[in-house]
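Colleague: Could you take me through a few local features of this structure, with the criteria stated as we go?

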Amino acid sequence: MSSPAATPKSSVLTLVLMVASASIGGTLQYGYNLAIMNAPTTFIQKFVNETFLERWDIQLEDYQVTLVWTIIVAIFSLGGFAGALIAGPMTIRYGRKKCLLLNNIFLMSGALLAVTSRAAKSFEMIIISRVLVGINAGISMNVQPMYFGESAPKHLRGAVSLSSAVFTAFGVVLGQVVGLREILGSEPCWQYLLASNAIPGFIQLLTLPWFPESPRYLLIDRGDKEACINALRRLAGCEALSSELEEIQQEQAETKGMRPRQPWELFTDRSVRWQLISVMIISSAMQLCGNDSIYFYASYVFKEAGISADKIQYITIGTGTCEFTACIMCNLLIERKGRRFMLMGGYILMTIWAVVFTIALSFEQHVSWMPYLSMACIFTYILSFGMGPAGVTGVLPTEIFNQTARPAAYMIAGSMMWLNLFITGMIFPFLVSGLSEYCFVPFAAICLFSALYVGLFLPETKGKSLSAITSEFHKLNFKGQDEKQTKAQYQLGEVCHSTAL
């Protein structure tokens, strides 16, 4: 029930609990489902080999087992891509909160297939499970930041939206811990490890229904002013209610009569050209920057540094904890330093550490302390990623697109993210074999390009209304045009050419 006079303290508590409920069954699943696949690698490969032998009396070669395993891992990204594509229509039809709740259908179905795959002696069930879990993660990665960005008060919007990245990093750590041999990372328990993602889903199903829907969705999409006011009272408090309602009503007036945009319409709309370019570049860079690939090198580098094989799994947890800590720090700094500073700073630091890491890998056979420098680079690289790109990337579409274009923008951003994750996962082994110790040079180039793009073209969005942000992008979108010939309604993100000069 909504309180008629919610205090600032109670509204902040409601907001924090809503964030926790949505994230536990949301973006946490992305990090968790990436991390839990490391521990059972050899067990599932053995299971695949045994299945082929029992069914068709075929003993698979090592490369064939590796191929099946690669499909099991990579199919998660294609599921995520599919999830990103259906997230937009689902949010328009069902709303942000209900979409997150319905998303658990994919999760629970995937968990059921995973837990029964061993008894059914079917590795195909694992593949289908990973597709369904990928769809769940793809929808969450799009819908949750949108839900948070539309629900949080303006002065907390960046920090609340960034909490999606905090929970993703927490999911990685949680997956690494649960995947320890002492817990579920042993040979008899791998099927339960793959199905353990159902537990956060159950927690979300039990808790999220008690929290309000996005106020913007309630007023702009459904036209329910009373429900919007009640949601704002619970999430923003009475003191901020009037200013938040005024901003939403302004956006409602500007988008009145406009239907939700389709992704392909954004590509032909000049008034959102640079917003779209920015989202596509930043979303792609998040996956092409090499952060996920650095985890691949972690075990090798730790082994070279003299850490025993049975202790590496515990040290690897430190890499996930490192990203989690960095995301929390970014959450605390983003409203002080701004999005642009955090994003550009993160990519600049990653460029530096990629160069140092390359040098360390090149000389590790000649200088005794180089493996320790490589180990330090792994942690600093992950820290730099967590401080900027990991969190800020998901905030941008909420802040630079209006209500009618936002779902389509998230579909495009999510599609770019998942496609590039798939591409990186497929080509990185070839980069390692082809470039050897220089395999991080391409990642350094991508990080440098991303930092330059952010510095040159991306305006700061901290504490600004959509109108102010769109007016800054308007200068890029219509650069060189005579202002007398083009009179733009900035807040709409639509350009109306005047018929009378």
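This is a predicted model: local features need pLDDT of at least 70, side-chain atom pairs count only at pLDDT 80 or more; totals for chains, interfaces and linings use all residues.

Modeller: Residues are numbered from 1 along each chain as its sequence is written, and side-chain values use heavy atoms, with hydrogens and water left out.

Colleague: Is leucine 208 buried or exposed?

Modeller: Leucine 208 sits in the loop between α10 (198–207) and α11 (215–221), where helices are DSSP runs of H or I with at least four residues, numbered from the N terminus. Leaving aside residues up to four places away in sequence, leucine 208 touches Met18, Ser21, Ala22, Lys97, Leu100, Leu101 and Tyr147, a contact being heavy atoms within 4.5 Å. Because buried means under 20% relative accessible area (exposed is over 50%, partly exposed in between, with a 1.4 Å probe and protein chains only), leucine 208, at 0% relative accessibility, counts as buried.

Colleague: Which residues make the contact between α3 and α4?

Modeller: Helix α3 (residues 41–56) and helix α4 (residues 62–94) have their axes 10 Å apart, axes being lines fitted to C-alpha atoms over the stretch in contact. The contact is made by Thr41, Ile44, Gln45, Val48 and Asn49 of α3 together with Val65, Val68, Trp69 and Ile72 of α4.

Colleague: How far apart in space are leucine 208 and phenylalanine 473?

Modeller: In sequence, leucine 208 and phenylalanine 473 are 265 residues apart. Taken from C-alpha to C-alpha, their separation in space is 36 Å.

Conventions: Helices (H or I, at least four residues) and strands (E, at least two) are DSSP runs, numbered from the N terminus. Axes are lines fitted to C-alpha atoms, for helices over the stretch in contact, and angles run from 0 to 180 degrees between N-to-C directions.
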